[in-house]
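Let's walk through this one together, starting where the two chains meet and then zooming in on a single residue. Have the viewer open as you read.

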Amino acid sequence: MINKTILRVGSAVALALTAYGCNNDKITALNKNPNSPEDVPPGPLFTEAARLTTSRWFGAIDLRAHEWVVQQLAEVQYDDEDRYIRVHATDTEGTWNGAYSSELKDLTQIIAKGQASGDAGIYAPAVALRTLGFDFITDAWGGAPYTEALKGDSVGSSLTPAYDTQQAIYASFFASLDKASTDLVGASNALGSADPIYGGSPAAWQKFINSLRARLAMRISNKDLPLATAQLAAAMAAPGGLILSNADNAYFPWPGDGVYNNPWSDNLKGRDDWRMSWTLVDSIMKPLNDPRLPIYAQPAASPGPNGPYHGAQNGIVAILPPGGVLEPLNTTSRPGSIFYPGATTYGPVLGRTGSSLPTAILTAAEMNFILAEAAERGMIAGGAGAAATYYNAGITASMNQWNDLAQSNGQSITAGQTAGYLAQASIVYQGGTAGLMQIAREKYVALYTDGGNAWFEWRRTCVPVQIRLVPDNDPAVTTVPRRWEYPTTEATANGVSLAAAITGQGTDNLMTQLWWDTKTAATCS
Amino acid sequence: MGMTSKISRFLAVAGVVFGLTPALAQAQGTTISGHVTGAGGAPVVGASVSIPTLRVGAFTDDAGSYSFTVPASANGTTITVIARRLGFQPSSATVPLTGAPVTQNFSLSATATELQGVVVTALGESREKSRLGTAQQQLSTTELNETKTQNVVNSIQGKVSGVTITGSGTQGGSTRILLRGANSITGNNSPLFIVDGVAVSNASRGTTQVGGWDFGSAISDINPEDIATMSVLKGPNAAAIYGSRAANGVIIMTTKKGANSGGGMRTEVSSTYTWESPSILPSFQNLYGQGSGGQFEFVDGQNGGNCDGCDQSFGPKLDGRLIAQFTSPKDANGNLIPIPWVAHPDNVDSYFNSGHTLSNTVSFSGGTDRANARMSFGSDQITGYIPNNSFHKTNALLNATLKINDRLSSDASLQYVRNNALNRPGVGYTTSALEGFLWFGRQVDMTALKNGYNENATLNNGPPDREFNWNYNYHNNPFWLANDNPEADNRDRFIGNVSATYKLAEGLDANLRTGSDIYRYVINQDFSHGDVRAGTIVNPAYAGGFINLNDYNNENTTDLTLRLNRALNSHFQIDAVGGAATRRSTYNFNSVQTGGLTVPDIYNVGNAAITPTLGQTLQRRQTNSAYGSADLTINNWWTIGGTARNDWSSTLPVGSNSYFYPSASTAIVLTDMLPSLKNRWLSYAKVRASTAKVGADADPYLLRTTYTGLSTKYGGLPQFTLADALANGGLLPEITHSNEAGAELSFLDGRITFDGSIYSKYTENQIFSAPISSTTGFTTKSINAGKITNKGQEFLLGVTPISTGGGFNWNSVFNYGHNKSLVAELSPGVTTLNLGSNGFDARVEARLDHPYGAIMGNRWLRDSQGRLIVTAGGLPQRDPSCAGYQCYLGTVQPQWTGGWGNTFSYKAFRLYGLLDFHEGGRLMSTTNMWGDNTGVLSRTIKGREADWNNPGVVVDGVHADGSPNTTAVNPETYWQCVSYNCGQVVEDYVYDASYTKLRELSLSFEVPHSMANRFNASAISLGITGRNLKTWTKVPNIDPEFSYQTGNNQGIEDFVLPNARVWGFNVRITP
């Protein structure tokens, strides 16, 4: 009887288990992700990618380095970046990793989608932003994965992309910008409002693409002048022309709605770590009576002997000579009130509109300075005369740009102030090497808030010469940094490719100069 | 599901499972009943009272009572009745059977440990320990409740060999438990918890070292007073039957059940009151106040004065000189008047309160032979040692058994738990209260902050919309944070199951059971306007902000099992289980947060001025299983067992979602096999061995890469980004292999016992997110790779050095566990995986060919003789070869852990003490690092013994040319250099993590039986208890025992609040 029972029960169980096994493929239907789609249209990807590109490279907080290394800003209290202590691989790698895994990847998806549908209005703006982002990477780090990058594990690609040299990356930049500008001829506005920068306008993106190409051409001009000259000419000749008027400037508009704010204002609302750098304020803008100074900076809380506008020495906080006395922090200038939101946690209501201040990505001022330098160096026609014209136009464009931006903050720069500035003997264009230095100095001032390009340009030109190694620097860093160290994540996850890149490029430290960086470090710092 | 009650019923009905004796003896047999008591007359619960020769018996109930009937066929004989219980020496009595009821009481004396007896093992099966081929250790309710803790996991600290338990540091925080080391590289290493047969969640809403709140781990919901037994099944061998999640071991708890009380009611009361205080606080200096470079002057606390926005203590000497301070009165012009600059040595200490905990459990039980039940109510009322911190827990548990007829019976268990926490202590750099005291002015008067947190900052010329404080740039008033930014959370939880058992035939039962663990957990974090902590969500332009998190978790298991317990003949006994189970789990998460409110104090999404960020996640998974287990015992001394299981998982791809895993074990009682081995020294010897495999599935949704949408719109526009994690459509199940062997020996009639194991295990084909180069566009990819090997030994040694007839007894138990986890393989091309970091160049990694949990960071540059090589300026410098976490600074794994418990009993008095050992391993302390950097720790007086820059520090080192360093550096420069500024070198802050804690101490007194009886109780005990009374460690300034969550990110300390030192008093009334 018992054996029968066992038999019966055993058969029932066996049957049940068999039924179980048959049903088990069905339970995998539970594994379809209910939270996230497997495909999306390109517009929402573009909005996100444009925002991330801007906040990453113009945020001054993600990297916490460009503006300090190039001494437009200085740190008080915690001056680790100023002194090159907190700018090593582990401090900067988040920027590299974030750029690749976020907006560069998404832009690559958009390009694929746009090319699949044959819509240049979608893919060409994405090519432009992708090139802009990759340029920050190669100019800050050097060689980088480019050709094999951003392909995941799709067929034919490895998980360890090889590094392209900076020279090869630039060559590819020129080719892709050339094609993007041409493809946009006759293209429709496909992105529309999903493009926060130009509202999807193909004509505007043509100007952006050509201007970016001009910037890149000038950047390599000390290394490969013929190529630079040819690319500059091609950029000028490409359909759409360059950004030479502030009306065409590339701005990223911040809603300032508390969620998406200008990244400078987001930092300043809760931290009081930033001051103007002595290099920008005391050594350049004050002697030149620059009317932008009250916009760039605000008067010190408690002005000392150096007057209301006074920059802090980069890296000076840590210096405590025997019996030495720190310069009181309250005698130095904070960044301009235009960058401050309506309230901060630590006190004074310094500005009102900083959270919605647009970020300037590419401007007419910079383009005019590029053309001025090109004319002076004979890369384009016109010589010193044309150089002077472009130089004055660049200064005027910058003055007008900051006047436009400052209106909302109740500040302005009058045409008379601009004229007065231009009329000064030290500003009047001098031509020759002196002229080139004037152009580079004015570009440095105009690039305020774009510390990355200011730093790249200083490395190319050694101007302003006031930028020097800070006191009490990290002993391992013996020159003003000329690049960042490769991420530790690359050493651990892409070690073979990285090692090959370092072999070709030089030691992976902050001092190694990159392909287009030809100035001797000794003369520069 | 009521394991114990089922057992009791089964035994009561069928007799102890050894024989063919018909269960339902109709004849007028002899009924034997009585009480089994321990020291001082306390009832012994769960003791087995049996007549081995007749194979009948019963277990004692909650009151220590038992009753069973001997078949009439035995009338006229005289038999021996034996009472046995793990942890007690057996006792026997001779009883003549006449048919008339017999009352036979037993008084058992405790032994250090006991190797023989009945234990609860996998699937809640009750087995003779002598037949187990695997290692397990069982704790009784008494052992668990020696001293009261809120988390049952803390109750086993120091008591089980091979178990590593790390208390959280904070009250109500997460406790990490690890059995025999970590198996998984990045996944879950927590054992599976089973309460009455149902898997219960131990989910941790922990945090990182960087900051946040530690919301504890879910197993703390179980009331330790409701637990009858807790079995720790250490390896996967013992647990293969529970499936995937048992790879890390299983902790099986059975709750107390009702019993046949003849209709009467039994009431049990346990009440504890304790006082808590921080067990360790840093040692601070009191010679220099706030400031830098010896300077300080308060004007407005926001850089308006000289360094009044600074938050270090490298300011002027605290010599009573006159300096304007945040507490200064104002002159006629509203300027702050200089007042004496003096130390407030108790300023951190006085921030903390004395915590209080009142814990009560009352239970009622009773019933008849057909139906019985036990219900209990428990309550914990905790006021923490942090201001405005409280924690309330309410438990209610009902266990009921109904015997419908002789074949069909049903059990049900329903447990409701409600947790309410207010203002849990923040942990980590951004949120811990200690952060505000390590970046601090040593002159700050805490009383002024406490009295002034409701005042406006204009009192000392600070910003008009801030609370009164000592520094407005980087800090909030700590009392304002505690009182005006309350964190509140509550969890409502039901754990319940219903089962029906049908007796198909003698020794063959079918059981159908379904049970769920369901909870909703709501966390509200409110932030007032003016919160300045790093990473705060609060936008100062608005009236505050809030975060609301809402978890819903539901796990249901339904299983059908067949159990066979039969003696085939006098030589063979078979115990077998076969079954099928379905597990379904659903996790649903919703969140709302905004950094801007329109009107203050209304923390509702309708009041959001900034578009709220919303979160929503739904996860579902299902596993179907078929399993079987069989043990064959031959001649009562040799047991051969095996288990087999097949799982089908929803999370693996079709084609790979079915996986099978078996185990085998054997146990031989040598002293029964060869009785001649027994002599006056050796009383018992058993050897055992087992081998097992356990398969495991993946997390949901790893097979397809998806796009992530953002709830916040950019100017009304949607945004998407392709996920950073690259999916893998070809995942396979992961497999853990384990082998173990052990011996159980007893000498001198149980005066000395030894239970030891050696084991070796590894998990291969691990499913984890391998870091890949971000240049692929993705930062991780789900892969099958990697292997961790664990090898170790553990033993439990029990000694009863003194046991006198006069009632004096000394029992001593020592347990030891050594485990070595080695990372043997990672994914191809990957040499390391980051497990966690404090954000300051120290991290803990799974690094190839290193012990699991390797601390990596920077070291100082040294010459071949080990001397520091200093810079021209006289400062030490970083070894450049360490850049990028390349230097190994030690492992977080201890060399061994152990516990030594001693019980001294004399008549009604009992003294118990437990030392908990953690020997070896390293930890990195961020508190020490920043405490040096800010100059608040007492050792930072070095270099400024005379004045702020005098005499300076001459670093003991040499220049690159070998010449000795003679340069004196400013002490502020020196301390900032060694702690952070000279290349973020963490070497000096990596310490030997060894500690010994006086974990538990209790002195209890059993009220005389006669007096207890007057209160209608069988026993009343009174006790004084203490926990964490003393810590011996080489680590300065912090509690070396800490965890932020139950995950793998362990070993880097970051402003952790110390574990509480607890003193208390308890009363226990047993019916």
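Chain B and chain A bury about 8100 Å² between them, with carbon and sulfur atoms giving 57% of that; buried area here is the accessible area (1.4 Å probe) that two parts lose on being put together, summed over both. Y707(B), Y714(B) and T775(B) supply 10% of the area that chain B buries against chain A, more than any other three residues. In terms of contacts (heavy atoms within 4.5 Å), 101 residues of chain B meet 93 residues of chain A.

Before going on, some ground rules. This is a predicted model, where local features need pLDDT of at least 70, side-chain atom pairs count only at pLDDT 80 or more, and totals for chains, interfaces and linings use all residues. Residues are numbered from 1 along each chain as its sequence is written, chains are lettered from A and ligands numbered from 1 in the order in which they are written, and side-chain values use heavy atoms, leaving out hydrogens and water.

How confident is the predictor? It gives the complex an ipTM of 0.93 and a pTM of 0.87. For chain B, pLDDT (the predictor's confidence in each residue, from 0 to 100) averages 88, and 95% of the residues score at least 70. Residues 1-27 of chain B sit below 50, although this stretch has 70 contacts in the model beyond near neighbours in sequence. Where pLDDT is low, the predicted coordinates should not be read in detail.

Back to the interface: there are three salt bridges between chain B and chain A, a salt bridge being a side-chain nitrogen of Lys or Arg within 4 Å of a carboxyl oxygen of Asp or Glu. E38(A) pairs up with R704(B) in a salt bridge, the closest N and O atoms being 2.7 Å apart.

Now for D697(B), which lies in the loop between β34 (682-696) and β35 (707-709) of chain B; strands are DSSP runs (E, at least two residues), numbered from the N terminus. Is D697(B) buried or exposed? D697(B) counts as buried because its relative accessibility is 14%, and the cut-off for buried is under 20% (1.4 Å probe, protein chains only), with exposed over 50% and partly exposed in between. Residues touching D697(B), not counting those up to four places away in sequence, include T623(B), Y659(B) and I767(B).

How values were computed. Helix = DSSP H or I, 4+ residues; strand = E, 2+ residues; numbered from the N terminus.
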